[in-house]
Amino acid sequence: EDLNAFQKSYAARVRKAVDNAFAVANSATVAEVQQLVDGTTTKVEACFGPPGTGKTAATLVIIEETLDRGGRVVLTVYTAQLACRMRERFAKHPRHRQLRIDTCHAVFGLGEDFAFLPLLGGYQLLVVDEISQLDGEQCDRIMRLREMVDNVPALAFMGDRWQMAGFGEVRPWDTRLWQASVHRTTLVQPYRCQDSMKAWHHDACRVACPVAQSNGNSITYEN
């Protein structure tokens, strides 16, 4: 894939976190593992932007790279129907069995208490799509579960803050844990959709967006 500068920057940060997870998995001693974990400074990555700006394209590059390196990946989506579509997309990948695609609730036990601890230790990359459909408590749970894993897998969130209003009293990006743990990249340049009418329809779906400004080539949304 040909990625633009912002996509490449986001992908590079996720890749760095994946490298660290591989290094921990390949460590020979407990002391080496502890040294790597203690020295980990990689943040959770979040990639925001309107539809068609390349959030998924950039993330899929990292997913395929991780699989090609022999790593294991979790990709979560919001509905079981979307999960089926993504499984079909990766069905012919030679390492598709190393990729788990499921809903956020199934993978991370959302709605369960912390007595339910998903088995995330064998993965190098965790990807959560449509983050705006989760509330702050659910997102915090995902980040805390990741911190409990010895190899600290890379964690990447994707979504559009304004496409839907979302659920819950606290949005994911408003929690203290998010603000302390997450590095955010916002994509604004249309990547997939070059048709102006289709772009307008995508824009109209962003019902939660309070302010929009357009310069004809890209759309910038104010937080």
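Me: How are helix 3 and helix 4 oriented to each other?
Reply: In this predicted model, the axes of helix 3 and helix 4 (residues 80–90) come within 13 Å and cross at roughly 55°. Axes are lines fitted to C-alpha atoms over the stretch in contact, with angles from 0 to 180 degrees between N-to-C directions. Angles under 35 degrees count as roughly parallel, over 145 as roughly antiparallel, 65 to 115 as roughly perpendicular and the rest as oblique. Helix 3 and helix 4 are therefore oblique.

Me: Which residues in helix 4 are met by Leu-60, Ile-63, Glu-64 and Leu-67 in helix 3?
Reply: Contact means heavy atoms within 4.5 Å. By that criterion, the four named residues of helix 3 meet Met-86, Arg-89 and Phe-90.

Me: Is Thr-59 buried or exposed?
Reply: Thr-59 belongs to helix 3 (residues 55–68), and its relative accessible area is 4%. Buried means under 20% relative accessible area, exposed over 50% and partly exposed in between, with a 1.4 Å probe and protein chains only. Thr-59 is therefore buried.

Me: With which residues is Thr-59 in contact, leaving aside its neighbours within four places in sequence?
Reply: Residues are numbered from 1 along each chain as its sequence is written. Local features need pLDDT of at least 70, side-chain atom pairs count only at pLDDT 80 or more, and totals use all residues, while side-chain values use heavy atoms, without hydrogens and water. With those neighbours set aside, Thr-59 touches Tyr-10, Val-127 and Met-158.

How values were computed
Helix = DSSP H or I, 4+ residues; strand = E, 2+ residues; numbered from the N terminus.
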